[in-house]
Amino acid sequence: MPALRHAETAFAFPLTPVRPARAPMRWGIAMGGLSAALLLLGCGAGDAPAGAAAAGGRPPPQVGVVTVALGDVGLVTELPGRLEASRVAQVRARATGILQKRLFREGSDVKAGQALFAIDPAPYVAAQQTANAQLARAQANLSQAAALAERYQPLVDANAISQQEYANAVAAHKQAQADVAAGNAAVQTASINLNYASVTAPISGRIGRALVTEGALVSQTEATPLAVVQQINPMYVNFTQSADEVMKLRRAMEAGQFKRASGAEAASVRVLLEDGSEYAHPGKLLFSDLTVDASTGQVTLRAEVPNPKGELLPGLYVRVQLEQAQVGNAITLPQQAVTRTQQGDKVMLVDAQGKISPRMVKIGAARNQQWVVLEGLKAGDQVMVDGFQKLQMMPPGAPVKAVPWQAPGSAPAPAASAATAPASAARP
């Protein structure tokens, strides 16, 4: 029993001091946590005004603007068109015979008078020789008839022969002269037919593929087509414009709203290719048709476009930008600066204090990805072009900082119809 008590005492002794030791540890931890919370609370309360001040002191966001300036702006109308060779000539057979040889390379440039095909000339050589022989016979008969009439002249004066015989001699002389003239014409015809055996280019231009091959029988009576020569420098572009637009444009120019572009009818004509790129050489308007197509209400127009390198091909569909008139004291803006709605067209103006205000405008035609503004703006207005997404994160009435807008991939432009702000405004 003493041993058991001693064991109980040994086990009980370490348990009794442990319990009072845990309570102070928990109390210390709790006090430490409370102190840290109070410290954080105090720090947060002290930092709140500083954070608010920092937020209130942020610089206003930057937005891109353009400064409006007045100027003459051409009214450009974009219309669909189709290219056409300025001259087209069909090469046809003018002699009947077997085609012996092709004398050109398909798709090459040929000159007027250049030999293209050779037709068997043997029948025409024989015909020419026959005509020459008949001419020689007629010339011999003419010499005999002329001598006979010359001998009969003194005899009829001496009443040695009758007047009838002399008249017959004179008639035979004149008939021989006619036979010689007919012989000359026959020789000339035979020579022409022989020349037709060599088919030549009627105009200078680019020749296409051969429509017949060697050994084919071509005919003069059927005028067998052999090839086509097209002159592609310059090129014609044919396009149509609504008759209503033409009449409105004429009335506006008569009223003084628009002024006529350089030239009698219109200014330059630009051609846009199928890939959207602009052709390097501008053209000129040749004429506009005098009649309106009854089925479409369109007026046909034709322009001439240089094609020195042969880049344009006949039959190609293009877009034509035609400048027919100019607007004086007009304004142009990038298209992204204008918001088009059912209520009207709207832009955002930025004043000298950085305040933003909307403005309704009247938009005319488009030119080079810009709108022509007819009403609603004046010179010196700053129109917002980009940075619209920043307005959604700003409180109403918050100011912004206007900076000159620059089109992507281009250098800053000077003040013009829709120029950026002056260079001095961009300097810090």
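Reader: Which residue takes a positive phi just after α2?
Author: Let's start in the loop between α2 and α3 of this predicted model. Helices (H or I, at least four residues) and strands (E, at least two) are DSSP runs, numbered from the N terminus. Just after α2 there is a residue with a positive phi of about 60 degrees, although it is not a glycine. That residue is N159.

Reader: How are residues numbered here, and what kind of model is it?
Author: Residues count from 1 along each chain as its sequence is written, and side-chain values use heavy atoms, leaving out hydrogens and water. Local features need pLDDT of at least 70, side-chain atom pairs count only at pLDDT 80 or more, and totals for chains, interfaces and linings use all residues, since this is a predicted model.

Reader: Is N159 buried or exposed?
Author: Buried means under 20% relative accessible area, exposed over 50%, and partly exposed in between (1.4 Å probe, protein chains only). The relative accessible area of N159 is 67%, so N159 is exposed.

Reader: What does helix α2 reach from its first C-alpha to its last?
Author: Helix α2 covers residues 122-157, 36 residues in total.

Reader: What is included in the cover of the buried residues of α2?
Author: The buried residues of α2 are Y124, A131, L135, A138, A145, A149 and V156. What covers them includes a helix spanning 163-196, namely α3.

Reader: Which residue's side chain makes a polar contact with the side chain of S219?
Author: S219 is in the loop between β8 (217-218) and β9 (225-242), and counts as buried because its relative accessibility is 14%. Contact means heavy atoms within 4.5 Å; leaving aside neighbours within four places in sequence, S219 is in contact with A93, A95, T96 and T224. A polar contact is a pair of N or O atoms within 3.5 Å; within protein, one must be able to donate a hydrogen and the other to accept it, and residues adjacent in sequence count only if both atoms are side-chain atoms. At 2.8 Å, the side-chain partner of S219 is T221.

Reader: Where does A223 lie, and what is its phi near?
Author: A223 lies in the loop between β8 and β9. At 25% relative accessibility, A223 counts as partly exposed. A223 is a residue other than glycine with a positive phi, near 50 degrees.

Reader: What is omega near for the peptide bond from N233 to P234?
Author: P234 has its place in strand β9. The peptide bond from N233 to P234 is cis, with omega near 5 degrees.

Reader: Which strands stand at the edges of the open sheet of four strands?
Author: Two strands pair if DSSP finds at least two bridges between them. The sheet has the order β6-β5-β3-β8, with antiparallel pairing. The edge strands have a single partner strand each, so one side of each is left without a neighbour in the sheet: these are β6 (198-200) and β8.

Reader: How many residues are in the chain, and what percentage of them is buried?
Author: The chain has six helices and 20 strands. Among its contacts between residues at least 6 apart in sequence, 75% join residues at least 24 apart. Of the 428 residues in the chain, the buried ones make up 30%.

Terms used
The expected span of a helix is 1.5 Å times one less than its number of residues.
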